[in-house]
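Please look at the sequence and the 3D structure below. The paragraphs after them go through the parts one by one.

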Amino acid sequence: MEVPSFRYLRRSSLHRSQGFVLAQNLVGTSFSIQSMKKNPLNRRSFLSTGAAAVSSWAAAPQILQAQGAVSANDKLNIGVVGASGQGGFSIGGLKDIANIAALCDVDQNRLAPVAKKFPKARTYRDFRKLVEQKDLDAVVVATPDHTHAVASVAAMRAGKHVYCEKPLCRTISEVRHVTDLARETNRVTQMGTQIHAGSNYRRVVELVRSGAIGEINEVHVWVGSSTGGRTRYQQFPASVPGNLDWDLWLGPIPEQPYHPGWTHFHWRHWWHFGGGTLADIGCHYMDLPFWALDLSHATSAEAEGPPVDKDSAPIWLKVRYQFPDRVVSGRHWKALPLTWYHGRYPNHILTPEQHKRWGSGILFVGSKGQLISNYGGHELLPEDKFKDFSRPEPFIQDSKGHHREWINAIRTGGSTTCRFDYSGPLSETVLLGNVAFRAGQKIEWDYRALRATNCPDADQFIQHQYRGDWNRWFEG
């Protein structure tokens, strides 16, 4: 099938062809907690237990409407694990609406310059010490994927609410544990799929759910960027730089010798620490069809790519997921195939001109037309068919910002749009594509049992394997 290259609808100023930074709305926060001061229940107890009344994602817009003034003394105290990179991005989104009260990084060269900007924040190398800080209300986990689970679990068990970067964890078993624990402990959670807060995704969801292109028959998701394709290093430095605590960098995973090519952004290339492009970007782009089509767990995944390397993720990958029939708002939606591509374009659905305009994107193929989107813009296709189309009135309220949504939900005892109950199944499905690739065959997936029913060998890529006593964080 070839998609007509007609243009419709605006492409907003948020569009970035390769990047994923979304401008956050940081105008003054608005919830008054003066009444809380009069309540005999102390502030820490309120903030750690107030999330018990967790509502559905649909309630979040009402939560975000609360208005009022907040003094500096009323701001939540936030700890950030992973002070640079995405941690720095979260600090930028939180510093005006919360107190940055603790900072943690295993690399002192990255921690020191951030600590200078927040002299009142206590500093740590070990996140296990940070979560013990009594005055912290919540923790941001912005470490490499292989320590997402243990840091998030430690924070929740210490009574803190959690914002964790995507994907939620490195392995499917870790994702499930973190998701279940968030529910059990009633923590307010948010995964760092910041594009979810943009208005563009909301308008696309409205178009899909209002039937603008009819019944959705298939979805294609592709990204132009790519990581992986490396060869394991054969020579390693004789010593670890003094600024880096390599043992804490490794955290729970099996021991590896130090190499600078395994640290900081480079870790994304390697299975030890992450999952390549699919794990890195999949949660951002697959978030849109998950939201619009109310998807959850896939029933199967089949992948093709270059020869499997035991250490490095693939430079290109194609994964075909199958989702089951489901009922959405009283309507029966049939089983749906969703195909992921990175490193190679889906030439059978995109023209060369569309390659240039949509370096990364999502295509919904419906019975009445197609809808193509990226982070910041979308178009209905073909143009001549939709030239007189009247958009539905917006029915999904715009977000106040991804970080602000989390902060407001903590204060009100409410929910967020990317809470772990939603982001967990999304992350599990994304990671299932890597499992299928590494297992070398189609995976028939029993999500309840976390098991590939037709491939017992896939279990090694599904279950986490920790060294030493790191598993104790997963014990009750």
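Two strands pair if DSSP finds at least two bridges between them. Helices (H or I, at least four residues) and strands (E, at least two) are DSSP runs, numbered from the N terminus. This is a predicted model, in which local features need pLDDT of at least 70 and side-chain atom pairs count only at pLDDT 80 or more, while totals for chains, interfaces and linings use all residues. Residues are numbered from 1 along each chain as its sequence is written, and side-chain values use heavy atoms, with hydrogens and water left out.

The pLDDT is the predictor's confidence in each residue, from 0 to 100. Its mean over the protein chain is 86, and 84% of the residues reach 70 or more. Over residues 1-72 the pLDDT stays under 50. For that stretch the model has 169 contacts beyond four places in sequence, where contact means heavy atoms within 4.5 Å.

Strands of a sheet pair through backbone hydrogen bonds, either parallel or antiparallel. S2 and S3 pair in the parallel sense over three bridges, and Leu103 stands opposite Thr123 in S3.

Which residues of helix H5 (residues 108-117) are buried? They are Leu111, Val114 and Ala115, where buried means under 20% relative accessible area, exposed over 50% and partly exposed in between (1.4 Å probe, protein chains only). These residues cover an arc of only 105 degrees around the axis, which puts them on the same side of H5; the arc is that of the directions from the helix axis to the C-beta atoms. On the other side of H5, Asn109, Lys116 and Lys117 are exposed. The buried residues of H5 pack against helix H4 (86-94), strand S2 (99-104) and strand S3 (122-124).

A further open sheet consists of nine strands with mixed pairing, in the order S15-S14-S13-S7-S12-S9-S8-S16-S17. Its edge strands, S15 (378-381) and S17 (451-452), each pair on one side only. Strand S8 (residues 300-304) pairs with strand S16 (residues 443-446) in the antiparallel sense over two bridges, and Ala301 has Ile443 in S16 as its bridge partner. Helix H11 (residues 276-292) packs on this sheet, and its direction makes about 150 degrees with that of S12. Axes are lines fitted to C-alpha atoms, for helices over the stretch in contact, and angles run from 0 to 180 degrees between N-to-C directions. Helix H15 (residues 420-439) lies across S8, S9 and S16, at about 120 degrees to S9.

In soluble globular proteins, nonpolar side chains tend to be buried together. A nonpolar core is a set of buried Ala, Val, Leu, Ile, Met, Phe, Trp, Tyr and Cys residues joined through side-chain atoms within 4.5 Å. The largest such core has 93 residues, and Leu293, Tyr321, Trp340 and Phe364 have the most contacts inside it. H11 gives the most to this core, with ten residues. A second, separate core of 24 residues includes Val114 and Trp406.
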